[in-house]
Amino acid sequence: MSELDPYLIPALDGVAYGLLLFVVAAGLVLSFGVAGILNLAHGTLYAIGAYVAAWLADGGWAAVPLALVAGVAASTAAGTALAGLLTPVKRGDHLTQALLTFGLALAGGSLLVSAFGPDDLPVRVPAVLDRPIDLAGHSYAAYRLVFIVVAAVIAVGLYLTVTRTRAGMLVRAAVDDPQMVACLGVNPTRVRVGVLAVSGALAGLAGVLGAPIIGPGPSTAATVLLLSLVVVVLGGLSSVGGTLLAALAVGEIQTLGVALLPTTAPFLLYAAMAVILAARARGVLRRWSTA
Amino acid sequence: MKRLILLPACAAAVAVPWVVDDYTTATLARLLVLGLVGVSVALLTGVTGLPTLGQTAPFAAGAYAAAQLGLHDVAVGPVRLVAAAGVGAAFALLTAPLVVYARGVFVLMITLAIGELAITVASRWKSVTGGTDGLIAAPSFDTDRGRYLYALLVAGVVVALVLLVLRSPAGLLLRASRDDEARMRASGHPVTAYLTGAYVAAGAIAGVGGALLVTTQQYVSPADFSFDTAALLLLGVVIGGAGSMLGAVAGTALVFAARDWFSGLLPGHAPLLLGALFVLTAYLLPRGVAGFDWRRIGRRDRAAKGAR
């Protein structure tokens, strides 16, 4: 136990980081898997939530629901606007979609910087949570512990929504066979707008809750986008469980990996991705390309 | 008609360093290098139908190979160029299994990951790349004019080679694989091998671009190969009309010139203008200036789906 002791805190941090990535990546999986859109502005949706949290949070409890509602609403609105802007672009025209969403990410990032300044903003959490608590002889930030619980609840909720509800059934059906879903009388445009709105809401939720972990700043959008892309690649599009596992793995590599192997950890992330892609290149991509 | 325009354009490109100042010449040389990398992006995106965000990776590999050779006193230009092309091609050969089985948006995502991996390696492998501080390369020409003309000569030869190959049966096979993969496979063509060949060739071209970058800029750092560069390359290629090689050179040069111009025009707000340029291109020029028929890519997706 004593040898493992120094790694307890990084491992716990990895769980917090991984769950945060899971909530963001779930939104990306939705827009990618269901609507077939590689949304390069997804990180910007997270950044919107994080900036709103930094702007509203004043260290009191009242600010928490306010920031949650405002942040999620702002990101949902941005996601819906994105769906509207993407409407003239044909489904399957990936290049135009990529150019459009990257352009919006650039412009959106620039607007966020002009509105909130070029520095990384500090985020104030309620005073009760803004202190270390004792955890098996280590002090650990109370907020992160609470975040792990809240994010786990969100993850379970997402899982139940996808596997048990009618909306979740629709999502899974749209991943497997979008034409059939359209034939069954479900309007593809509504599916697309709905998916991008929910995807924005998830990114915003992650942004507000995760702001004290991956804080708002000029590079936030790019960091979050790339990490959640890695999660999507590692997890595939087949299951919520796969995405969760991939997110936790990425989180652990980023924290525990750095503690254990400081020099090789940065490569580990992408090496893992390359290995998994190479191992499953044919099978998974066949499956993906029919998605 | 096209040739009538091309000849004076070539003459103007050779004459321009005697007309403009040194700073403009150096800028033009850099734009030319990026235009050459744009050719490799266009070869994949337009001709082969593999839209890519990852050509910055063989670009970086070639640049660091050339810079290392320069530091080890290999001053002969062609040796560096061949070495850089070889390293770029080898990199592409290694990553080809990840790319050539994928189609459409999956290629974008996988190549993006490859590009990011390359930046990570470039900023961490300090003994070879100098990390984020970058490498200062040994100067190979005394004047900006010399560096520009060298870049122009190499880029011109490479683009001419690409155009020749695309006119040959090899180009026909690539375009046919893009337009109707299922039919090509049914007639017994090894489409995957063709795509691999094109991907490796594009890697070699990007590698040559890397060697030229070291020559023209005399400095190389991971910032030269960022995700933004990859996205701007793709934008330039789309503006140039993804199927056209000369369009790719012009489009890429235009986009990077616009970026430099924007940051002088509105300091701090360049990304906003650049983002607007992306959005405008997506809406107004989905077929590029050269009028590339984008419906073909959609057709290919459908054809591939129909086969399964």
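At what angle do helix α9 (residues 220-235) of chain A and helix α10 (residues 240-260) of chain A pack? The first view gives the answer. This is a predicted model: local features need pLDDT of at least 70, side-chain atom pairs count only at pLDDT 80 or more, and totals for chains, interfaces and linings use all residues. Residues are numbered from 1 along each chain as its sequence is written, while chains are lettered from A and ligands numbered from 1 in the order in which they are written.

**View 1. Helices α9 and α10 of chain A pack at about 130 degrees.** Their axes are 8 Å apart. Axes are lines fitted to C-alpha atoms, for helices over the stretch in contact, and angles run from 0 to 180 degrees between N-to-C directions. Helices are DSSP runs (H or I, at least four residues; strands are E, at least two), numbered from the N terminus. α9(A) and α10(A) are therefore oblique to each other (under 35 degrees is roughly parallel, over 145 roughly antiparallel, 65 to 115 roughly perpendicular, the rest oblique). The crossing is right-handed (the near helix is turned clockwise from the far one by less than a right angle; anticlockwise is left-handed). Residues of α9(A) in contact include A:Leu227 and A:Gly235; among their α10(A) partners are A:Gly242 and A:Val250. Contact means C-beta atoms, placed from the backbone, within 7 Å.

**View 2. Helix α1 (residues 8-33) of chain A crosses helix α5 (residues 142-164) of chain A at roughly 40 degrees.** The axes come within 9 Å. α1(A) passes α5(A) in a left-handed crossing. From α1(A), the contact includes A:Asp13, A:Phe22 and A:Ala26. α5(A) contributes A:Arg144, A:Phe147 and A:Leu158, among others.

**View 3. Two spans of chain A are listed as "transmembrane region" in an unreviewed UniProt entry: residues 6-30 and 63-86, among others.** UniProt positions follow the numbering used here, and annotations may be inferred rather than shown by experiment. Residues 6-30 are 92% helix and 0% strand, with end C-alpha atoms 37 Å apart. Residues 63-86 are 100% helix and 0% strand, with ends 34 Å apart.

**View 4. B:Ala223 sits in the loop between β2 (219-220) and α11 (227-239) of chain B.** B:Ala223 counts as partly exposed because it has 13 C-beta neighbours inside 10 Å (20 or more is buried, 12 or fewer exposed). B:Ile119 is 104 residues away in sequence, yet 8.2 Å away in space, C-alpha to C-alpha.

**View 5. Confidence in chain B is lowest in helix α14 (residues 295-307), at a mean pLDDT of 47.** The score runs from 0 to 100. Helix α10 (residues 191-217) of chain B is highest, at 91.

How values were computed. pLDDT = per-residue confidence, 0-100. Contact = placed C-beta atoms within 7 Å.
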